[in-house]
Amino acid sequence: MILLDRVTKIYPNQQIALSGLNLHIQPKEFVTIVGSSGAGKSTLIKLLTREETHTSGKIIVGGLDYDTIRPKDVPLVRRRIGVVFQDFKLLPGRRVGENVAFALEVSGARGREIKRAVPKMLTLVGLGSKERSFPDELSGGERQRVAIARALIRQPKILIADEPTGNLDPKNAWEIIELLLKINRFGTTVLLTTHNKEIVNALKRRVITINKGKIIKDEEQGRYSLEGGKQ
Amino acid sequence: MWLQFWRVMHAGTRNFLRNAWLSTAATAVMTITLAIIVLSFISNSALTSTIKGVTDKIDISLYLNDSVTPGQLQTFEAALSADPNVASVTYLSKADALSDYQRQISGNQQLLEGLQLAGNPLPASIQVRAKDPRHLDSIIAITNEPQFKTLLDPTAPPSYSGQNKATINRIVSVSNFFKRSELVASLMFVVISTLIIFNTIRMAIFTRREEIEIMKLVGATKWFIRGPFVFEAAMYGIIAAVIAVALSYVILLGGGPKLGSYINVQSTINFFRAYPILVIIGELVVGIFIGAFSSLLALSRYLKL
């Protein structure tokens with residue numbers, strides 16, 4: 001469960017990124033967040049991954065109140081959430097398998113466990129044969145699959161996908177979305193941000209529209225629209 | 001704990017091997033740094049022993065009257081030895097002085113014949129060696145005491161006076177200048193080369209700052225991120241230390257004997273021969289410290305979570 005209660009984020013330059021934002025996402029939901037550039041989507045994601053801290057309000061993710069997190073516990077918080085980024089954020093000097101294994105290594109998993117889990121996860125995302133490739137030997141779609149595999153290897157309850165299709169062609173974009181839907185069917189809560197109108201409209205899932213740091217629309221089977229409406 | 005430590009070492013070694021070009025460049029700079037440190041030590045030590053060799057030869061000869069009795073001589077020697085600045089007091093009798101001189105002029109038959117005709121004109125003397133040749137005044141003061149002044153030969157003034165004293169002072173001041181300059185130069189070399197290696201490691205980490213960002217987002221702790229970088233930088237230090245020590249031995253043992261006639265490197269060579277383990281451990285410690293410390297410092301700005 002993700003709960004944001006009157007969350008405000010003001011950056012040091014006094015820019016208000018989020019203003020009294022209320023949001024409640026149930027376990028196993030698939031939620032898409034849309035909004036124009038600068039609407040506050042990225043700030044919302046950064047608050048959830050604890051790259052930024054909120055100025056006021058309350059954030060509770062998976063039962064963990066973010067107000068109680070000490071700086072040294074931030075890595076533990078990040079290990080509970082899987083995150084996929086638009087620019088993949090893969091370690092360029094490590095092979096595909098090593099990139100996925102890294103997520104388990106930081107959690108202190110045993111070598112045997114890693115050896116068993118990594119090929120399984122790569123097969124799940126359709127990259128069973130690419131374990132020994134380096135990221136720069138892969139296509140954009142394949143890189144994003146590696147990022148998804150890395151995010152899922154720790155079996156998080158929540159997966160945040162921040163514009164995962166932004167750098168991909170339509171075919172690869174759809175493959176990634178199908179993968180996210182499959183993950184959601186297995187029981188993982190998925191929070192997707194995207195600018196892709198076709199994808200949002202085709203998904204027919206909950207859509208939240210953000211504008212100027214506020215939720216202007218929240219629809220159960222929403223369509224892509226940056227205009228305000230019933231909340 | 002051990003699992004994480006092993007992973008850190010494994011990742012550090014892997015980074016070192018996969019970033020071969022960067023590793024080679026950083027190790028080369030580190031090698032130069034460490035070689036400069038060893039060579040500074042060698043030249044400092046060689047200069048110190050050369051200067052010591054020169055200043056050790058500075059002594060004062062006090063020429064005695066022929067009438068000095070063994071009792072007076074003993075009192076005089078005792079008074080000189082009691083001075084804290086006196087390193088040694090050696091008595092040279094008239095007969096010893098004559099045989100020394102005869103040995104010196106052994107090739108000159110005319111002088112030898114003249115010496116035989118004159119009997120033994122050379123006075124007995126006391127050779128005084130000072131611990132610090134800059135401070136001969138206390139020794140001079142003893143010889144000026146009334147009971148000892150009368151023991152000295154008035155026709156043969158002590159060798160510290162006049163021109164000789166000026167020369168002694170000059171040698172001492174020149175050698176001190178060299179000692180100070182060498183120390184300042186060594187320190188400057190070490191500081192500059194440490195800054196260069198720090199900058200090299202900083203650049204290496206700068207190029208991988210995005211990697212650090214990714215590791216943070218995946219949930220790695222600060223030490224899990226830091227560890228491989230620090231280990232990698234320590235590896236530069238270890239390899240550089242081995243090369244620098246090998247290089248120093250080649251330069252010292254190969255080139256040292258050729259320098260022998262100009263400066264005294266023998267004591268440094270002896271030290272390097274006697275304590276090779278100490279030399280390598282010293283270099284390893286310095287190399288690892290510079291590498292690890294530089295990377296820790298360079299990483300600190302990227303590790304704010």
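1. A word on terms before we start: a residue is buried if 20 or more other C-beta atoms lie within 10 Å of its own, exposed if 12 or fewer, and partly exposed in between, with C-beta atoms placed from the backbone. Helices are DSSP runs (H or I, at least four residues), numbered from the N terminus. This is a predicted model, where local features need pLDDT of at least 70 and side-chain atom pairs count only at pLDDT 80 or more, while totals for chains, interfaces and linings use all residues. Residues are numbered from 1 along each chain as its sequence is written, and chains are lettered from A in the order in which they are written.

2. Helix 3 of chain A is largely enclosed by the rest of the structure, because 10 of its 11 residues are buried. Among them are Val96(A), Asn99(A), Val100(A), Phe102(A) and Glu105(A). Gly108(A), with a positive phi near 80 degrees, follows this helix.

3. Which residues does Val100(A) contact, leaving aside its neighbours within four places in sequence? With contact meaning C-beta atoms, placed from the backbone, within 7 Å, the partners include Val118(A), Met121(A), Ala149(A) and Ile153(A).

4. A nonpolar core here is a set of buried Ala, Val, Leu, Ile, Met, Phe, Trp, Tyr and Cys residues joined through C-beta atoms within 7 Å. The largest has 101 residues, and Val100(A) and Leu34(B) are among those with the most contacts inside it. Helix 10 of chain B (residues 222-259) gives the largest share of this core, 14 residues.

5. Between the chains, the contact takes 16 residues from chain A and 15 residues from chain B. Helix 2 (74-80) and helix 3 (96-106) of chain A each give two or more residues to the side of chain A that touches chain B.

Terms used: Contact = placed C-beta atoms within 7 Å.
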